[in-house]
Amino acid sequence: MNHPVEQSVIQLLGGLLLLTVFVMLSIRRIFTMIRVFTVQGIILTANAVFVGAISGEEHLFLLAFFTLVLKVVVLPVLLFRLIHRLRLRGDVEVVVNVPLTMVTGILIVVFASSLAAPLTMMASTISRGLIGFGLSTVLLSFLVILSRRKAITQVLGLLSLENGLLFSAINATYGMPMIVEFGVALDVLVGTLLFGVFFFQIRESFENLDLERLEKTWED
Amino acid sequence: MSGGAGSVLGSFFQIVLVGVLGPLLVGWVNWVRGVLSNRKPPSVIQPFRDLFKLFRKETIRPSGTSALFGLAPYVVFSAMVVASLLIPVVSTVSGGRAMGDAIVLVGLFALARVFMALAAMDTGTPFGGMGGRREMMVGFLAEPATILVLFTTYLLSHSTMTGVTSEVVREGSVLPTPSLVFGALAYFLILLGENSRIPIDNPATHLELTMIHEAMLLEYSGRNLALMEWGSSIKLLLYLLLGISFFLPWGMSGSPGWQGDLLALAALGGKLVVAGAALALFETLMAKLRIFRVPEFMTLAFLLAILGFLSHFILEV
Amino acid sequence: MDILATLLIPLSAAGVLALFGARSWAPRFNVVASGMVFLSALEVARHVSGKGIFALSNQLFADDLNIIFVVLTGLVATTTSVFSVHYVRFEVERGQFDSGRLRLYHSMYQMLVFAMLLGLFSNNLGLLWVALEAATLSNAFLISLYRSPKSLEAAWKYFVLLGVGIAQAFFGLILLYFAAEKELGPGGMALLWTNLNQVKSHLNPQVLLLSFIFFFVGFGTKVGIVPLHGWLPDAHAEGPTPASAILSGLLLNVALYAIIRIKVLVDGSLGVSFTSGILIVFGLLSLWVAVFSMWGRKDVKRLFSYSSIEHLGIATLGFGVGGEIGTLAALLHMTFHSLTKSSLFFLVGTVSQWCGSQKFEGIRGVLKYTPFLGWSLILSVCAILGVPPFGIFTSEFLIFDALLHWSPWAAPFLAIALAVAFGVLMKRVLELVAGETAPSGPLPSFSRVPVGIHLFLVLILGLGLPSFLWGWYQNAARYLLGTL
């Protein structure tokens with residue numbers, strides 16, 4: 001472990017990632033939320049680059065490049081355009097009881113870390129301490145999806161969930177085999193496009209993107 | 001500096017230093033804010049002029065107030081002076097005198113706050129009561145976060161003594177660890193809340209519905225007001241000093257000796273200039289929050305503190 | 001080579017149909033493509049016998065276990081495409097499908113078949129995950145096809161819930177790779193099931209335990225295991241009927257298949273009792289919740305979607321009980337359920353097209369006005385309820401038997417649930433077919449072939465499995481248990 005600078009930067013990136021999810025939990029403006037998502041992409045890219053640089057795993061650079069293209073450029077541009085065309089720019093979402101969500105979030109972090117603790121012991125990667133943060137990000141994004149009512153914020157939660165997975169994969173095992181990564185990237189892209197189509201259809205049918213009524217089962 | 005006499009001298013020097021630097025810092029922040037908002041800034045020593053003027057003015061005690069009202073300014077001011085002795089200013093080892101316990105520090109600040117709020121309520125005016133209540137609310141939310149930040153630093157140094165923590169951080173690597181970064185961020189938010197800065201309160205106005213700190217001082221005049229204002233400016237300075245000694249102690253002197261102290265003093269001056277300017281910049285950029293959003297703001301501070309606390313266990317074991 | 005052919009046919013058909021899906025020959029082309037998939041699957045099956053065959057540098061494989069599902073997928077996809085010809089014609093006449101939707105529908109149909117086959121054939125567990133996700137996406141298109149508010153909501157729910165679920169499975173995958181990397185070294189080879197199967201006893205049990213939990217939550221969402229079943233009734237009720245048939249008959253199977261693959265690995269490291277416990281508990285839970293939710297449903301397709309949850313629960317239970325009998329019975333159960341349930345959806349879909357409603361109160365007099373529909377509906381319900389001599393009786397009986405042997409405490413739960421299901425479903429379906437008033441709408445044309453084939457198979461196989469089939473299933477069960 002003779003890379004104190006990089007190690008410290010990587011740990012910091014992990015903390016920042018966790019912070020972005022907490023920001024997502026508490027943020028009101030949808031526009032800002034996409035920015036936060038972009039920041040997550042940057043964090044992931046930087047993480048892949050640093051881990052790649054220390055470990056010498058070259059495919060991580062490739063992964064970093066794809067992350068940069070997909071999550072910092074393509075997806076945010078798509079989402080921003082979508083928001084623009086749906087005229088959601090200034091949209092604000094009512095977030096219920098932020099402090100309670102935060103406390104739940106903190107408990108989730110504790111839970112995820114204790115779950116990941118044995119893994120951390122076994123891992124041989126240089127950034128193994130971050131597995132817990134990766135899992136926390138996954139579970140917190142789940143909380144984002146649960147606590148949101150708007151379609152687009154739920155999607156952002158889902159994308160952030162995916163970011164958490166990628167982050168865990170990079171730090172636990174230096175990324176998954178390339179074939180899997182490609183498949184995942186493809187799925188994410190297609191999925192987001194599909195969301196876009198959905199948004200328009202939902203908007204046509206409901207006049208807004210609020211999924212409040214989805215909560216109650218409208219069956220029978 | 002060593003030995004009993006040196007220690008007393010050192011303490012005296014520190015009190016004087018803090019007493020002078022406090023108003024100077026407020027003047028500096030106001031000056032930068034003035035420049036940033038394209039106004040003709042007040043002179044940096046304006047706070048001294050204000051204090052000087054207030055000390056010469058007649059002190060009026062509103063009728064119907066109890067002795068508490070008159071007592072509060074002295075309690076507040078002396079709490080701050082005592083607190084200033086507990087924080088490492090130029091050196092982490094101040095002449096054999098063990099630096100104070102951070103928990104005591106929090107207690108001293110709380111003491112000052114309680115007296116301030118009680119005195120404000122003592123006046124019986126609506127504004128006083130409102131200000132006192134709001135101040136207590138902010139304090140109530142900020143204190144747990146403060147304690148958590150202190151615990152985080154404790155985890156690093158295994159001591160709540162400010163000098164020890166400062167020394168440990170100074171001796172350690174310059175690389176930021178996540179727990180310290182989060183702790184510092186949380187601490188910054190706490191600093192804003194505790195010192196009634198924007199976005200929690202605006203120290204520059206007396207806008208009725210939003211003010212917190214000023215609402216408590218409305219009935220004070222003359223020497224009492226001067227003591228209160230002076231105490232508040234020292235409090236801001238102390239928060240900055242504590243932050244510097246916990247999160248940016250590099251440049252402090254680690255061993256007794258005049259040369260080291262002088263160098264550290266210069267470094268301290270530089271840090272305070274930068275910190276004050278940064279504070280002013282932040283305040284210029286931010287808008288004041290509605291009072292209902294204040295709890296959320298302080299929750300954020302608490303959250304950051306907890307994240308720092310947790311990341312120590314998760315990442316740095 | 002055969003494996004690749006089986007995969008390429010639906011993929012290229014999806015491409016062709018994306019362009020020409022609105023032509024008049026498109027539905028028939030769909031049938032031909034599906035039929036070719038079926039034949040190709042049979043060809044693969046002929047070669048498997050005992051030892052697996054591989055393709056694409058071991059990334060794809062066919063062995064005793066997945067070939068059963070591949071053939072089943074080919075068969076049901078073909079019969080469903082036959083049904084779909086008439087279904088689509090009627091919907092076009094009704095003005096529901098314009099050319100864009102037809103193209104989308106046909107290409108997504110083939111895409112879904114492709115994704116399922118890819119998932120079944122994948123030796124690489126990562127690829128399996130990707131395929132399941134792809135199946136989710138194409139199915140979401142199908143569910144939202146009608147663009148009605150309800151179908152959009154159903155598709156959205158499906159999408160978000162499964163997205164979250166499958167992400168959990170991905171974390172399981174990361175953990176599995178984490179454990180495997182130590183034994184097999186980094187790189188794509190560490191996720192090959194065949195490789196993992198060889199070193200499974202060396203994998204770290206603690207990691208695998210966590211991994212299985214994540215996999216179970218993730219793929220369990222896709223199976224519709226209670227309490228992760230929220231999306232399932234909506235998705236079934238709102239999509240076009242052929243999609244419901246495929247979803248219930250095939251896609252749920254593929255997800256359960258994925259769980260079983262993981263279970264084999266985890267059992268090798270942890271011993272059987274851990275996964276068995278989980279599967280038994282959640283199998284029973286699904287069974288019970290589904291059975292009692294059937295009470296009071298007003299929508300026909302929704303009613304039968306709960307029945308799908310019930311039967312997948314029974315199959316999960318079977319795998320949980322384990323042993324050769326339990327596993328074999330569960331495999332049989334999945335097969336029979338897939339055949340019966342898809343035929344039920346064909347019938348129910350036709351009936352509701354006819355009556356112009358999926359609600360119970362809108363459907364009456366089926367037996368009187370179309371005896372074929374009425375009788376086959378009754379027969380199909382008997383089959384799904386496990387009335388002898390239909391195949392489901394055999395599989396349920398075997399599972400019950402295995403339960404009595406290995407976990408007798410669970411046997412009464414199964415028996416009670418089955419009895420309740422019998423009462424509820426029988427009553428509701430008799431309501432449908434009885435009655436004197438004729439449905440208002442025009443009777444849609446329909447093909448008797450798909451329903452005929454499915455019912456015939458379930459009946460014949462229930463009366464007696466041919467020895468080569470029995471051998472097949474026995475091999476698969478033994479293969480799963482590692483006793484082959």
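Domain bounds come from an automatic or database domain assignment. The model shown in every view is predicted.

**Figure 1. Domains of chain C.** Chain C is divided into domain 1 (1-121), domain 2 (149-270) and domain 3 (287-484). Taken over C-alpha atoms, the centres of domain 1 and domain 3 of chain C are separated by 24 Å. Domain 1 of chain C gives 13 residues to the contact, and domain 3 of chain C gives 21. On the domain 1 side of this contact, eight residues are nonpolar, three are polar and two are charged.

**Figure 2. Overall fold of chain C.** Chain C has 19 helices and two strands. The C-alpha trace of chain C spans about 65 × 50 × 45 Å along its principal axes. Of the 484 residues in chain C, 63% are buried. Contacts in chain C with a separation of 6 or more are counted next: 81% of them join residues 24 or more positions apart.

**Figure 3. The side of chain A that touches chain C.** The contact brings together 39 residues of chain A and 40 residues of chain C. Four helices of chain A each give two or more residues to this side: α4 (98-122), α5 (131-147), α6 (151-173) and α7 (178-206). The largest share comes from α7(A), with 13 residues. By class, the chain A side holds 28 nonpolar, seven polar and four charged residues.

**Figure 4. The contact of chain B with chain A.** Chain B supplies 16 residues and chain A supplies 20. On the chain B side, α7 and α11 (294-315) each supply at least two residues. Helix α11(B) makes the largest contribution to that side, nine residues. The chain B side divides into 11 nonpolar residues, four polar and one charged.

**Figure 5. Close-up of α1(A) against α7(B).** Helix α1 (residues 4-26) of chain A packs with helix α7 (residues 178-194) of chain B at an angle of about 45 degrees. The two axes lie 9 Å apart. Angles under 35 degrees count as roughly parallel, and 65 to 115 as roughly perpendicular. The helices α1(A) and α7(B) are therefore oblique to each other. From α1(A), the residues in the contact are Q11(A), L12(A), G14(A) and G15(A). They meet P178(B), V181(B) and F182(B) in α7(B). This helix contact has four nonpolar residues, three polar and no charged.

**Figure 6. Overall fold of chain B.** The secondary structure of chain B comes to 11 helices and zero strands. From the N terminus on, its elements run α-α-α-α-α-α-α-α-α-α-α. The radius of gyration of chain B is 19 Å, close to the 20 Å that the globule rule gives for 317 residues, so chain B is as compact as a globular protein of that length. Along its principal axes, the C-alpha trace of chain B spans about 55 × 45 × 40 Å. Buried residues make up 48% of the 317 residues in chain B. Among contacts in chain B between residues at least 6 apart in sequence, 80% link residues at least 24 apart.

Definitions and conventions
Residues are numbered from 1 along each chain as its sequence is written. Chains are lettered from A and ligands numbered from 1 in the order in which they are written. This is a predicted model: local features need pLDDT of at least 70, side-chain atom pairs count only at pLDDT 80 or more; totals for chains, interfaces and linings use all residues. Two residues are in contact if their C-beta atoms, placed from the backbone, lie within 7 Å. Ala, Val, Leu, Ile, Met, Phe, Trp, Tyr, Cys and Pro count as nonpolar, Asp, Glu, Lys and Arg as charged, and the others, Gly among them, as polar. Axes are lines fitted to C-alpha atoms, for helices over the stretch in contact, and angles run from 0 to 180 degrees between N-to-C directions. Angles under 35 degrees count as roughly parallel, over 145 as roughly antiparallel, 65 to 115 as roughly perpendicular and the rest as oblique. The radius of gyration is taken over C-alpha atoms; the globule rule is 2.2 Å times the number of residues to the power 0.38. A residue is buried if 20 or more other C-beta atoms lie within 10 Å of its own, exposed if 12 or fewer, and partly exposed in between; C-beta atoms are placed from the backbone.
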